[in-house]
Amino acid sequence: MVNFQSMTDQAVYFDIIVVGGGHAGAEAAWAASRLLGDRGTVAMITMDPAAIGRMSCNPAIGGLAKGQMVREIDALGGLMAHAIDATGIQFRLLNRSKGPAVQSPRAQADKYRYAQAVQRLLTEHCPNLKIIADIAEDILVDPLDNHDAATWRVTGIVLKSGRKLNCRCAILTTGTFLRGLMHTGEKKTEGGRVGEQAAVGLSGALIKLGFELQRLKTGTPPRVARETVDFSALEPQHGDIPPIPFSDLSGTAAGPLGSQFPGLSQVPCYITYTNPAIHDLIRANLHRAPMYSGQIISRGPRYCPSIEDKVVCFADKTQHQIFLEPEGLDTNEIYCNGISTSLPVDVQEQIVHSVAGLEKAVILRHGYAVEYDFSPTHQVGATLETHRADGLFFAGQLNGTSGYEEAAGQGQMAGINAALRIRGDGPFILRRDQAYIGVMIDDLITKTPTEPYRMFTSRAEYRLTLRSDNTDQRLTPLAAKLGLAQPARLQRLENKLAAMRQLTDELKACRVPGGGTALDLLRRPDLELAALPAMLGNDGPRLVALLADPSQHILLEQIQIEVRYAGYILREKHAAERMVELEDKIISPNMNFQSIAELRTEARQALEKFRPRTVGQASRLEGITPADLMVLTVYISGRQGHTCRPD
């Protein structure tokens with residue numbers, strides 16, 4: 001249980017107010033409070049402090065591209081990696097048999113301990129953070145003059161209890177709670193998560209300020225009792241031995257949740273499948289499914305579809321995979337990953353009992369869908385500050401994303417930029433070649449989601465550069481400039497780079513039979529690292545002794561990637577340098593695009609809608625042609641004092 005002060009003890013003013021205690025809210029509060037330190041104050045408003053960091057859906061962190069984002073959050077000094085390393089009950093590197101660009105870490109979590117870990121991090125390591133149990137009902141603003149791009153300046157938040165809190169910045173991380181409506185068959189219940197009420201007033205407040213809101217949908221599957229599952233009929237799925245942590249500080253004395261990794265016992269998951277009888281049952285009851293009866297009209301996640309959508313969209317499939325995932329060590333709840341559904345309870349019972357291994361399973365909680373408000377993302381910029389209101393930031397599912405990791409990355413960036421704004425410093429923006437977080441935010445602000453946005457490696461054009469093994473090298477120096485990298489993290493990075501240089505020198509110096517060096521061997525696409533020692537010559541024993549250290553083997557894997565894919569990585573680097581040239585061309589936030597007569601009408605409309613910060617962002621907008629980009633570039637050059645102007 002989180003300890004928090006009563007409202008009678010609270011200060012009226014906070015530099016930053018974070019609304020919401022989910023994954024976005026936790027990272028926003030963590031980043032903002034640590035950046036401000038004793039020079040500022042941060043408040044988190046949440047319905048239930050005991051629900052901070054709660055896993056609403058699957059009990060896991062990471063996955064394809066998501067794992068890279070968790071590593072990036074850690075390299076920038078975030079909390080998610082610490083929490084999952086301390087509470088993970090199975091760690092795996094996905095896509096081991098594929099190339100390094102698509103390999104991603106993932107971990108099952110003890111979801112109850114995970115939430116407790118997040119709460120402990122916030123309460124024990126953020127002394128300037130105050131947690132307030134209440135509901136945000138309204139947003140206080142002052143009007144701005146017409147010379148500013150924004151219309152309003154945020155000044156505070158009004159709580160349901162009637163109390164007003166003043167602030168200079170507010171970060172909304174409302175998850176699925178904005179006018180949340182849960183569906184199970186024909187039954188509808190107001191709420192953003194089972195057993196928790198919806199936030200209604202804030203939607204009206206945003207609309208009153210002129211924000212556009214739309215609806216999205218997500219869902220969750222049934223949970224069953226562990227003791228009623230026949231695991232003997234199922235295929236076990238074990239984690240990696242040894243497991244690899246998400247955080248560079250886990251397993252060291254500098255880890256904020258202890259030095260032991262893994263911190264908990266490791267357990268398997270299990271695999272089972274749907275079958276044709278289940279598919280027939282679903283087809284026969286589609287008229288009772290909210291997504292097909294017309295009860296739900298909003299779009300759900302295409303890449304994490306309900307079992308109803310799978311059966312309809314993949315009618316030729318005779319089975320779909322189901323992962324049975326334990327939700328913790330001290331609970332009997334098993335999460336049935338793969339059969340997310342909002343079908344009626346009686347149909348869900350038949351579906352579950354028709355699955356191999358679940359014939360006698362007791363359902364502890366039935367699946368449901370939830371509809372909620374989100375803000376189309378042409379209304380925020382690259383810092384996640386809104387165009388309409390200075391000092392007001394949006395993060396997480398409010399921006400149309402799905403997933404804990406996507407929310408956490410946005411929360412971190414919003415928290416960082418809100419704190420920098422308070423400090424009077426410039427914005428912190430990650431480019432597409434620097435981080436998956438940068439790819440995600442750029443995607444959001446240049447293409448409004450029409451369905452819940454989910455990160456994939458395929459969305460990143462520089463994915464060989466954006467690997468999980470080099471996040472510290474990419475981002476920890478940036479965190480150091482911000483003041484978010486503690487000395488132990490910087491020292492660890494320096495030690496790693498020094499060790500890689502030493503190992504590379506040893507590989508270059510080791511001559512192998514037939515000519516060449518051990519480093520040359522690593523370039524061979526058919527070489528397995530396990531075979532390397534047997535291929536070394538007289539210089540081999542010294543190198544083999546060095547590689548006996550497991551930490552050296554991890555470095556060797558990264559060196560192999562760097563030398564084997566050097567040509568592709570160099571190509572990505574050159575492409576990124578060309579992109580940076582466009583990103584360096586800044587567009588004034590007050591620019592009147594309608595006044596640029598040489599632009600086509602469609603281009604002017606797109607530019608006015610999205611308000612891109614740079615020419616690079618403008619180049620990725622739908623409706624912008626190379627000719628439009630040339631006109632815009634020439635116009636900006638003229639505005640900056642150059643002689644060239646559009647004809």
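**View 1. Who sits around Ile-16 in this predicted model?** Ile-16 touches Ala-32, Leu-36, Thr-41, Val-42, Ala-43, Cys-169, Ile-171, Ala-418, Ala-419 and Ile-422, leaving aside residues up to four places away in sequence; contact here means heavy atoms within 4.5 Å. We're looking at a predicted model, where local features need pLDDT of at least 70 and side-chain atom pairs count only at pLDDT 80 or more, while totals for chains, interfaces and linings use all residues. Residues are numbered from 1 along each chain as its sequence is written, and side-chain values use heavy atoms, with hydrogens and water left out.

**View 2. The largest nonpolar core has 105 residues.** Ile-16, Leu-122 and Ile-139 have the most contacts inside this core. Helix H10 (residues 404-423) gives the most to the core, with 10 residues. Apart from it lies another core, this one of 24 residues, including Val-229, Leu-234, Leu-286 and Val-355. A nonpolar core is a set of buried Ala, Val, Leu, Ile, Met, Phe, Trp, Tyr and Cys residues joined through side-chain atoms within 4.5 Å, and buried means under 20% relative accessible area (1.4 Å probe, protein chains only).

**View 3. Three strands make an open sheet in the order S3-S5-S4, with antiparallel pairing.** Strand S3 (60-62) and strand S4 (88-94) stand at the edges with a single partner strand each, so one side of each has no neighbour in the sheet. From one strand to the next the twist averages 20°. S4 pairs with strand S5 (residues 104-109) over 6 bridges (strands pair if DSSP finds at least two bridges between them). Leu-93 stands opposite Pro-105 in S5. Helix H3 (residues 80-87) packs on the sheet, touching S3, S4 and S5, and its direction makes about 115° with that of S4. Helices (H or I, at least four residues) and strands (E, at least two) are DSSP runs, numbered from the N terminus.

**View 4. Helix H13 (residues 487-509) crosses helix H16 (residues 550-564) at roughly 75°.** Their axes come within 10 Å; axes are lines fitted to C-alpha atoms, for helices over the stretch in contact, and angles run from 0 to 180 degrees between N-to-C directions. H13 and H16 are therefore roughly perpendicular (65 to 115 degrees). The contact takes in Lys-496, Ala-499, Met-500, Leu-503, Thr-504 and Leu-507 of H13, plus Gln-552, Leu-555, Leu-556, Gln-558 and Ile-559 of H16.

**View 5. Helix H2 (residues 66-75) packs against helix H11 (residues 436-446) at about 110°.** The axes of H2 and H11 are 8 Å apart. Gln-68, Met-69, Glu-72 and Ile-73 of H2 meet Tyr-436, Ile-437 and Met-440 of H11.

How values were computed. Buried < 20%, exposed > 50% of the residue type's maximum accessible area, 1.4 Å probe, protein only. Parallel < 35°, antiparallel > 145°, perpendicular 65-115°, else oblique.
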